[in-house]
Amino acid sequence: MSSPGSATGLRVADAGERALIERIRTRVPPGGSSLVVGIGDDAAVAMPDRGALQVLTTDALIEGIHFDRRFSTPADIGHKALAVNVSDVASMGGASRLALLSLMLPAELPVCDVDDLLDGLLDLAQRLRITLVGGNITRSPGPLVLDVTVIGSVRPRRILTRAGRPGDDLYVTGCVGAALAGLEWLREHSEKSVASSAPHAASLPRPTDASMAECVDRYCRPEPRARLGAILGRTRAATACMDLSDGLADGVTQMSSASQTGARIDAALLPIHPAAHTWFGRQGGDAVAAAVTGGDDYELLFAVSPKRRGRLRGVFREARGVPMTRIGALTADRSVGLMRDGRLEPLPTGFVHF
Ligand SMILES: [Mg+2]
């Protein structure tokens, strides 16, 4: 996508907030008929979908905590800031409709990087039919921060919470561990290539191995399971659903807690990404523990009553090749365990922010 005006060498401090806002506003496509007042006024005004409830979520990405500009391009970061919110809406069975973007920009950030952030965010928005309806820009005294709010839509009977029932089977979409393996690969290789002070897409380290490149891509540009979340809600195949932002072990623990159940996961069933399995297993590492604690995969974890397996077969047919793997079950017994080599052990704990 092209950007208005030449931004070569221009920094955020030179451009000023109003010019930056205008720069973004001119690039945002108009919303659909339900958008009464779009970007550029004091606030946006939108009509909710008829008969639907609103799903609201917000999530910030902070430089140094959630991303590192040595590993991710500005477009990657823009994509991810929207993707993590879409993932939350999808996990409720909803469809994302509107987005708000609050940008906190370091003064020395090149304006062309702001353009690239918007490229990543708007490309995903366009693909998923999400309209950017407003936001805010301020100067950051430190890190680059992107705070995105997404408003989605869900029919009342299609809402998926985290609360399942004992006896429900647990499934996960795609595979786990890929994003952590990708992040570890980037850390190891960027240290070798030493801090290039002006990171650009061409200078970022990327694996030549296609399977590891998938892991790096999963970390940098997670693809939210937007369509599948909506299908799980619409078909009412799942009793509970959540997205995996902080890892599978964290997800299973949170879902068990919300369900007032325990859970049993079978290590042999886990869909660990093959390149991640090899990566974690180097030097005798525990690939299973790493894969279940690794965050950032943004897959969906969902619970299905054994009585609804028929409906789930319908979901498989509609899923257009997205793998869904049964990994265990919610249990009446309140403990959360991992079956491995015929022995039950506690599930390794997930990543905790604070
Ligand atoms: Mg979530």
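User: Which strands does helix α2 lie across, and at what angle does helix α2 run to β5?

Analyst: In this predicted model, helix α2 (residues 17–25) lies across β4 (95–106) and β5. Its direction is at about 155° to that of β5, on a scale that runs from 0 to 180 degrees between N-to-C directions.

User: What makes β3 and β5 edge strands?

Analyst: The open sheet has four strands in the order β3-β6-β4-β5, with mixed pairing. β3 (53–62) and β5 (131–140) each pair on one side only, and are therefore its edge strands. Neighbouring strands of the sheet are turned by 15° against each other on average, direction ignored.

User: How do you know that β3 and β6 pair?

Analyst: Pairing requires at least two bridges between two strands. β3 and β6 (residues 145–154) have 10 bridges, in the antiparallel sense, so they count as paired. Within this pair, I62 stands opposite V145 in β6.

User: Which strands does helix α3 touch?

Analyst: Helix α3 (residues 74–91) packs on the sheet and touches β3, β4 and β6. Touching here means heavy atoms within 4.5 Å. The direction of helix α3 makes about 145° with that of β3.

User: Why is the set that includes L170 and F280 called a nonpolar core?

Analyst: The name applies because such a set consists of buried nonpolar residues joined through side-chain atoms within 4.5 Å. This one, the largest, has 43 residues, and L170, L248, F280 and L301 have the most contacts inside it. Helix α5 (residues 178–193) gives the largest share, seven residues. Another core, of 35 residues, lies apart from it and includes V12, L101, L124 and I130.

Methods:
Residues are numbered from 1 along each chain as its sequence is written. This is a predicted model: local features need pLDDT of at least 70, side-chain atom pairs count only at pLDDT 80 or more; totals for chains, interfaces and linings use all residues. Side-chain values use heavy atoms; hydrogens and water are left out. Helices (H or I, at least four residues) and strands (E, at least two) are DSSP runs, numbered from the N terminus. Buried means under 20% relative accessible area, exposed over 50%, partly exposed in between (1.4 Å probe, protein chains only).
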